[in-house]
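User: I have a structure open and want to learn how to read it. Can we take it feature by feature?
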Amino acid sequence: MKLSILLTFYNQKEYVDSVLNSILSQKINYKYEILVGDDGSTDGTKEKVLEYVSKYPDIINLYVMKRDMNKKYEAGIRASKNRLNLLKHVRGEYFTFFDGDDYICDDKRFQKEIDILENPENIDCIACAHNMFLEYYRNGRAIKREYVIDASVKEQKFDIKSYWEKYYFSAATIVCRSSVISKLPYRKIKLFFNDNIMTFSMLQYGKLYYLPEAMFVYRQTGDGIWTGQSMDISMLRNSFGYDIANKINPKLRIITLVRFFNDLSYLYNNRHNLYSEKTKPYYKFAVKYELKESCKWILYDRSNILKKLYLNVEYAIRYLFVNTYKILKGI
């Protein structure tokens, strides 16, 4: 088996046809499998996927996560568990992830990426990525499509430092060597194996080969795990990523600060309004898993005057440092 395609769904019945057909229409010379993880959908997603399983029993396997309908779950945690569960079933030499509401727009995507990784000159690369489109929707209809990565970024290899300092390649565009699966820091990522952290985790073990062709479409419908939430919740989640990235690779702490500083600045600028009924569950999560950056801003108004003074001084120093760093690096 050459390639394992890991596809996750939760109540996305209307997208099943487009994403699976975009995979099944790939022109690829290698044997592949599609591992579908359904997070306990109730809208008929599972039944729709089973129609494809019956047509392609040698290619598609479905794994369904149990869900208590009387219990409220944190969407990002459930999505992480779904992805990590699929990794247990990978049989291919390579694997790739994407969500059920996205689709491939180049029928040679996987062939191109695998050919790159099979080239002996690229043995130093753990993964291959490519450009993609963001497709914006209004009232259920696509209204605009744009490139994610500027055309000035040419085909090249990135090490973890050069990538993390400046770029963002969605995990959905990446084909990765399966040798990385046994090396991933599961204790650190088990509840937060989402896009930025997925890519960052993989690139601890080799370089990334980048292709400037856009071969994938990431739908921006406004109802996803990230885009469907309030800005406060989204920025808190991003701050989780900051803490977890530092746990994964503390040597890149400075670059991680620069990368996440806009998110951290949002928390600082909204520090008087962060503690609410909606953010309480995220605070509890942050405390439990020692995500200190989120905790200190959620509790800012409950801190004593000395703590507040310290946090304000700390932010001012960070602000000056990050902006000086960006000027010197031309970021």
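User: Is Asn11 buried, partly exposed or exposed, and what relative accessible area does Asn11 have?

Analyst: This is a predicted model, so every value here is computed from predicted atoms. Asn11 has 27%, so Asn11 is partly exposed. Asn11 sits in the loop between β1 and α1.

User: What is the phi of Asn11?

Analyst: Phi of Asn11 is positive, about 50 degrees, although Asn11 is not a glycine. Glu290 is another case: phi is near 55 degrees, again a positive value in a residue other than glycine. Glu290 is in the loop between α10 (280–288) and α11. With 53% relative accessibility, Glu290 counts as exposed.

User: Now strands. How do I read the two faces of β2?

Analyst: Start with the general idea. In a regular strand, side chains alternate between the two faces of the sheet. Now the case here. Strand β2 covers residues 32–38. One side carries Tyr32, Ile34, Val36 and Asp38. The other carries Glu33, Leu35 and Gly37. Both faces are covered, and these residues are all buried. The count for β2 is seven buried residues of seven.

User: Which strands pair with β2, and in what sense?

Analyst: Take each partner in turn. Strand β1 (residues 3–9) pairs with β2 in the parallel sense, over seven bridges. In that pairing, Ser4 stands opposite Glu33 of β2. From β1 the chain crosses through helix α1 (residues 16–24) to β2, and this β-α-β crossover is right-handed.

Then look at strand β3 (residues 60–64). Strands β2 and β3 run parallel and are joined by five bridges. Asp38 has Val64 in β3 as its bridge partner. Helix α2 (residues 45–55) carries the chain from β2 to β3, and this β-α-β crossover is also right-handed.

User: Where is Gln26, and what does its side chain approach?

Analyst: Gln26 is in the loop between α1 and β2. Its relative accessible area is 8%, so Gln26 is buried. A polar atom of the Gln26 side chain lies 3.2 Å from the backbone nitrogen of Arg109.

User: On to charges. How many salt bridges are there, and how do I read one?

Analyst: The structure holds 20 salt bridges. Take Glu135 and Arg145. Their side chains meet in a salt bridge at 2.8 Å, N to O. Glu135 is in strand β6 (residues 125–138) and Arg145 in strand β7 (residues 141–147), so the pair ties together parts 10 residues apart in sequence. Glu135 is buried, with a relative accessible area of 6%. Arg145 is partly exposed, at 40%.

User: What do Glu314 and Lys296 tie together?

Analyst: First the contact: their side chains form a salt bridge of 2.7 Å, N to O. Glu314 lies in helix α12 (residues 305–329) and Lys296 in helix α11 (residues 292–298), so the pair links parts that are 18 residues apart in sequence. Glu314 counts as buried at 18% relative accessibility. Lys296 counts as buried at 14%. Now widen the view: salt bridges that share partners join Glu293, Lys296, Glu314 and Arg318 into one network.

User: Which residues make the nonpolar surface patch?

Analyst: Ile305, Leu306, Leu309, Val313 and Ile317 make a patch of about 550 Å². Ile317 is in helix α12. Its relative accessible area is 55%, and Ile317 is exposed.

User: Last one. How far apart are Tyr163 and Lys207, in sequence and in space?

Analyst: Read both separations. Tyr163 and Lys207 are 44 residues apart in sequence. In space they are 9.2 Å apart, C-alpha to C-alpha. Tyr163 lies in helix α5 (residues 160–166). Tyr163 is buried, with a relative accessible area of 0%.

Notes:
Residues are numbered from 1 along each chain as its sequence is written. This is a predicted model: local features need pLDDT of at least 70, side-chain atom pairs count only at pLDDT 80 or more; totals for chains, interfaces and linings use all residues. Side-chain values use heavy atoms; hydrogens and water are left out. Buried means under 20% relative accessible area, exposed over 50%, partly exposed in between (1.4 Å probe, protein chains only). Helices (H or I, at least four residues) and strands (E, at least two) are DSSP runs, numbered from the N terminus. Two strands pair if DSSP finds at least two bridges between them. A crossover is right-handed if, with the strands pointing away from the viewer, the path from the first strand over the helix to the second runs clockwise. A salt bridge is a side-chain nitrogen of Lys or Arg within 4 Å of a carboxyl oxygen of Asp or Glu. Patches are made of residues with over 30% relative accessible area and no salt bridge: like charges are joined within 9 Å, nonpolar side chains (Val, Leu, Ile, Met, Phe, Trp, Tyr) within 5 Å. Accessible areas come from the Shrake-Rupley method with a 1.4 Å probe; for residues, only the protein chains shown count as cover. A polar contact is a pair of N or O atoms within 3.5 Å; within protein, one must be able to donate a hydrogen and the other to accept it, and residues adjacent in sequence count only if both atoms are side-chain atoms.
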